Amino acid sequence: MITLLLMSSLNSVLYFQVGLGVLANMFLFLFYIFIILCHRPKPMDLISCQLTFIHIVLLLTGGVVWVTDIFESLNIDNVVKCKTSFYINRVMRGLSICITCLLSVFQAVTISPSTSFLANFKLKLKKYIIYAFFYIWSLNLSFNSNLIIYVGGFTNVSETNQMKVTKSCSLFPTNYIIRALILTVTASMDIFLVGVMLTTSAYMVIILFRHQRQCRHLHSLSRPRSSPEKKATQTILLLVTFFVVMYWVDFIISSSAVLLWMYNPVFLSVQKFVVDVYPTITPLVQISSDNRIINILKNFRSKYH
């Protein structure tokens, strides 16, 4: 009884979380599309636009009930539904960490001093960003293709030893060595990307500290205004910190479940909540810190008041 009440409460929270995340990401995605089509977009706008699109798909394919209902209403085979939704969701999860890492690296290059090594890449950012997008998408689409084999429709756990991960989908039993190998490769890639994010974040913190110290020296009698670059850097530092914390919580839950071959329904709901926190919070942080959006909302408000 307590478990049912807990599951009902968690599902309500998940519905609200996904709804809020999709709406916020849709607003931000349309804003970036407008910037790209009607103005001269910055490399950071192109990266952020991709990140919002990825988060929309990630939230919609995270195993929520209405996605399952849509598939059922279309009369699609359960095996095809499970393989498709799992594959897309894992690809989007991989893209989320890669694009967040790319966002952190590009911001570090953007604010780097003219005397640093990274300053040589400032003028080539738009050129490199296309290649970066191509390699990131290719890597994630190919690497997660193993899920097409190991995921299918749920039948009977007692007979087939499947691990049920949603209402109608499960992971097929695989050799422990293969599971450990896949987990090791995935973890190695993720740890490398998280390491890059932490390194670039530390670099940006050092740059901001030096800049702040110079401003105090030059403007000891007046309070210096925060530059757009500084504000953008602080936003990215906040997002990276938030992502790293949520990632490791998710990694501990999912890796333990795969290695032990056991998924508790409550733990699964908690993991879904943790996975969806980052794509839900990210657009809210970006909207509240982007002066262009703030000015548009202020003009819209003053027009109707």
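View 1. At 14% relative accessibility, Arg 93 counts as buried, where buried means under 20% relative accessible area, exposed over 50% and partly exposed in between, with a 1.4 Å probe and protein chains only. Asp 250 forms a salt bridge with Arg 93, with 2.9 Å between the closest N and O atoms, a salt bridge being a side-chain nitrogen of Lys or Arg within 4 Å of a carboxyl oxygen of Asp or Glu. Because Asp 250 lies in helix α9 (residues 228–260) and Arg 93 in helix α4, this pair ties together parts that are 157 residues apart in sequence. Helices here are DSSP runs of H or I with at least four residues, strands are runs of E with at least two, and both are numbered from the N terminus. Asp 190 also forms a salt bridge with Arg 93, the closest N and O atoms being 3.8 Å apart; since Asp 190 belongs to helix α8 (residues 176–218) and Arg 93 to helix α4 (residues 78–111), the parts tied together are 97 residues apart in sequence. Asp 190, at 8% relative accessibility, counts as buried, and Asp 250 is buried as well.

The model is predicted, with local features requiring pLDDT of at least 70 and side-chain atom pairs counted only at pLDDT 80 or more, whereas totals for chains, interfaces and linings use all residues. Residues are numbered from 1 along each chain as its sequence is written, and side-chain values use heavy atoms, with hydrogens and water left out.

View 2. The side chains of Asp 290 and Arg 292 meet in a salt bridge at 3.0 Å, N to O. Asp 290 is buried, with a relative accessible area of 12%, whereas Arg 292 is partly exposed, with a relative accessible area of 30%. Salt bridges that share partners join Asp 45, Asp 290 and Arg 292 into one network.

**View 3. Packing of helix α2 with helix α5.** Helix α2 (residues 43–60) and helix α5 (residues 125–143) pack at an angle of about 20°, their axes lying 9 Å apart, with axes fitted to C-alpha atoms over the stretch in contact and angles running from 0 to 180 degrees between N-to-C directions. That angle makes α2 roughly parallel to α5, the term used for angles under 35 degrees. The contact, meaning heavy atoms within 4.5 Å, includes Phe 53 and Ile 54 of α2 and Phe 133 and Trp 137 of α5.

Technical notes:
Parallel < 35°, antiparallel > 145°, perpendicular 65-115°, else oblique.
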